[in-house]
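Please read this report with the sequence and the model side by side.

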Amino acid sequence: MVEQLRSDAPVLVIGLGRFGAACAGELDRLDREVLAIDDNLELVQKWSERVTHTVQADAKNIDALKQIGAQDFQVAVVAVGSSIEASVLITANLVDLKVPQIWAKAVSQSHGKILARVGANHVIYPEREAGERVAHLVSGRMLDFIRFDDDFVLAKMYPPKFIRGIGLNESGVRSKYSVTVVGVKSPGKPFRYAEADTVVTNHDLIIVSGTNSDIERFASLDR
């Protein structure tokens, strides 16, 4: 039986490079208890004012992890990416300490496979995901793009002309293009959920969901 983790469980973040520092800082902003560690004292000092708990420690050493109480954490993020050997060793140490949920950053597909095999529950490819996102954005068709599992995509864009000025149910956007308009933002107003009778104007932005290929096809329509 898989242990149900608390949504407010403290998080151990290992590595205070750009990815790890951003993760630790955002968790701290969300009022999650965070212990961020790095073997680089300069980085630890740099982030000590932005993250509540920072400690200098060498996570490649399992005894050092025990000393900071890593075995008491339910969630850990291995944000080390510059050294594949180090990230694998750190992940293995966390597995040996029986940390229930381990998120590990990978810099390549092979790196990710190794991390998964040694016991990482979740493997993250931040550079690859960022690259894919930018590729969609530089096309000029989308203003934001997020891909989830199973080829499911959410995208922010300007609405094509054929859905403007009429209700979404009349435009037939879902039946014609297999995408769903889930949200609409008018200038100066927050996003609102889209409904069947929602009318999109020339000044609005829309959030749409669908498969990658369907979203791409929809985004290419005349605006």
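Rings of Phe, Tyr and Trp (its six-membered ring) pair if their centres lie within 6.5 Å; planes under 30 degrees apart count as stacked, over 60 as edge-to-face and the rest as tilted. By that rule, F162, Y177 and F218 make up one aromatic cluster. This is a predicted model: local features need pLDDT of at least 70, side-chain atom pairs count only at pLDDT 80 or more, and totals for chains, interfaces and linings use all residues. Residues are numbered from 1 along each chain as its sequence is written, and side-chain values use heavy atoms, with hydrogens and water left out.

**Aromatic residues**

Three aromatic pairs occur in the structure. One of them joins F162 and Y177: the pair is tilted, at 5.4 Å centre to centre and 45° between the planes. This pair links distant parts of the chain, 15 residues apart. F162 sits in the loop between β8 (152–157) and α7 (168–171), and Y177 in helix α8 (residues 173–177). Helices (H or I, at least four residues) and strands (E, at least two) are DSSP runs, numbered from the N terminus.

How accessible are F162, Y177 and N93? Buried means under 20% relative accessible area, exposed over 50%, partly exposed in between (1.4 Å probe, protein chains only).

| Residue | Relative accessible area | Class |
|---|---|---|
| F162 | 28% | partly exposed |
| Y177 | 17% | buried |
| N93 | 7% | buried |

Elsewhere, R50 lies over the face of W47, 4.6 Å from the ring centre. A charge sits over a ring if NZ of Lys or CZ of Arg is within 6 Å of the ring centre and within 35 degrees of the ring normal.

**The sheet**

Six strands form an open, parallel sheet, in the order β3-β2-β1-β4-β5-β6. Its edge strands are β3 (53–56) and β6 (122–124), each pairing on one side only. Two strands pair if DSSP finds at least two bridges between them. Strands β4 (residues 75–78) and β5 (residues 101–105) pair over four bridges. A76 has I102 in β5 as its bridge partner.

N93 belongs to helix α4. Contact means heavy atoms within 4.5 Å. Leaving aside neighbours within four places in sequence, N93 is in contact with A59, K60, N61, I62 and L65.

Which residues of helix α5 (residues 109–118) are buried? They are H111, G112 and L115. These residues lie on the same side of α5, because they cover an arc of only 100° around the axis. The arc is that of the directions from the helix axis to the C-beta atoms. Their cover includes α4 (84–96), β5 and β6. Just after α5, G119 takes a positive phi of about 130°.
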